[in-house]
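Please look over the sequence and the model first, and then read on.

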Amino acid sequence: MTSLASRVFFRVDRVCRHLPVVLNTFLVFSITGEVSYLVLVEPSLEADQNKTVWSAWWKAVHLLAQYFMLGNICWNALLFLRTSPSIKGVFLGGQGMGQGWRYCYTCETHTPPRCSHCYDCKVCVLRRDHHCVFFGQCVGFRNYRYFLCCLFFMWSGLLYATLMNAEVFIVILKEGVTMHSVLLLLIPWIMLVSGQVSARAFAFAFIADTCVVGFLLVSAFFFFHLFLMFRGQTTREWYSTRRPYNLGLLGNLRHALGLRWYLCWLCPLIPSPVPGDGINFQVTGSLEPTR
Ligand SMILES: [Zn+2]
Ligand SMILES: [Zn+2]
């Protein structure tokens, strides 16, 4: 009985871990599908309204930009998930355990500075930034570049989708700010279930809402991580107000995105080796909290 319960719990735990990735993938593809539809078919909710006439090449430019962003989001996300940031398979011995080294009782090993144990991943992670709940994996030394690039393309994609959806908002609010239009934008699910709107109007309102909410959320994450990248700090170090590994703007960029930092964000396949080994770090400031 206990083994059945633990098996069920293990299955539920696994499904829950993958749920955010599945949900995010669904939303990213739905938004791309909707903006492609807006470009190719019609930019308005109602068929009798005047269409914005775009030339074929302008439509092609839009579609190219959309699929370039989608490709970069998916590819970076895939490489992020496939690149383990943990200490597994990393030779830590013989490094001379000096300042900043600790002992992890769970992994039963000495761990280098900036490394910490993740209780979700159940392993120590090199230069651990944080555990990303959307991906179900830690952001660390080896996969930081993919995380940042994925975040950048999600941010630019959502900014683009929000601008493209401005017309949907205009159409919904065209009749004036009525209770019906406000409710459709605020609670589209309830409006659909109660039969107040068509499935088509719901889909447009839901995706337009998701774009705005997603854009605000991703903007906060993106600019926070950009700020940390320029400061050469991890989220954990920012929390504890420590900044001992700052290498200057250029040095911090190189250590986050690699030696080809100016180019690598264009495509995850562009090689950009990150200096260092994730074990030894140049200390440039006080290891004590500044506050
Ligand atoms: Zn550990
Ligand atoms: Zn983790």
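UniProt positions are given here in the numbering used for this structure, with feature names shortened, and annotations may be inferred rather than shown by experiment. With that in mind, an unreviewed UniProt entry carries the annotation "transmembrane region" for residues 21-40, 60-81, 144-163, 169-190 and 202-230. The model is predicted, so that local features need pLDDT of at least 70 and side-chain atom pairs count only at pLDDT 80 or more, while totals for chains, interfaces and linings use all residues. Residues are numbered from 1 along each chain as its sequence is written, and chains are lettered from A and ligands numbered from 1 in the order in which they are written.

Two of the annotated stretches are set out below; helices (H or I, at least four residues) and strands (E, at least two) are DSSP runs, numbered from the N terminus.

Helix α3 (residues 144-164) and helix α7 (residues 199-231) have axes that come within 9 Å and cross at roughly 145 degrees, where axes are lines fitted to C-alpha atoms, for helices over the stretch in contact, and angles run from 0 to 180 degrees between N-to-C directions. Residues of α3, including L148, M154 and W155, meet residues of α7, among them C211, F215 and F222; contact requires that the C-beta atoms, placed from the backbone, lie within 7 Å.

The largest nonpolar core has 44 residues, and those with the most contacts inside it are I73, F147, L148, C150, M154 and C211. Such a core is a set of buried Ala, Val, Leu, Ile, Met, Phe, Trp, Tyr and Cys residues joined through C-beta atoms within 7 Å. Helix α3 gives the most to this core, with 13 residues. Apart from its neighbours within four places in sequence, F147 is in contact with F80 and V139.

Most residues other than glycine have a negative phi. E108, in the loop between β1 (102-104) and β2 (109-111), has a positive phi near 55 degrees, and R127, in the loop between β4 and β5 (130-132), has a positive phi near 40 degrees. Are these two residues buried or exposed? A residue is buried if 20 or more other C-beta atoms lie within 10 Å of its own, exposed if 12 or fewer, and partly exposed in between, with C-beta atoms placed from the backbone. E108 counts as exposed because it has 7 C-beta neighbours inside 10 Å, whereas R127 counts as buried because it has 25.

Technical notes:
Contact = placed C-beta atoms within 7 Å.
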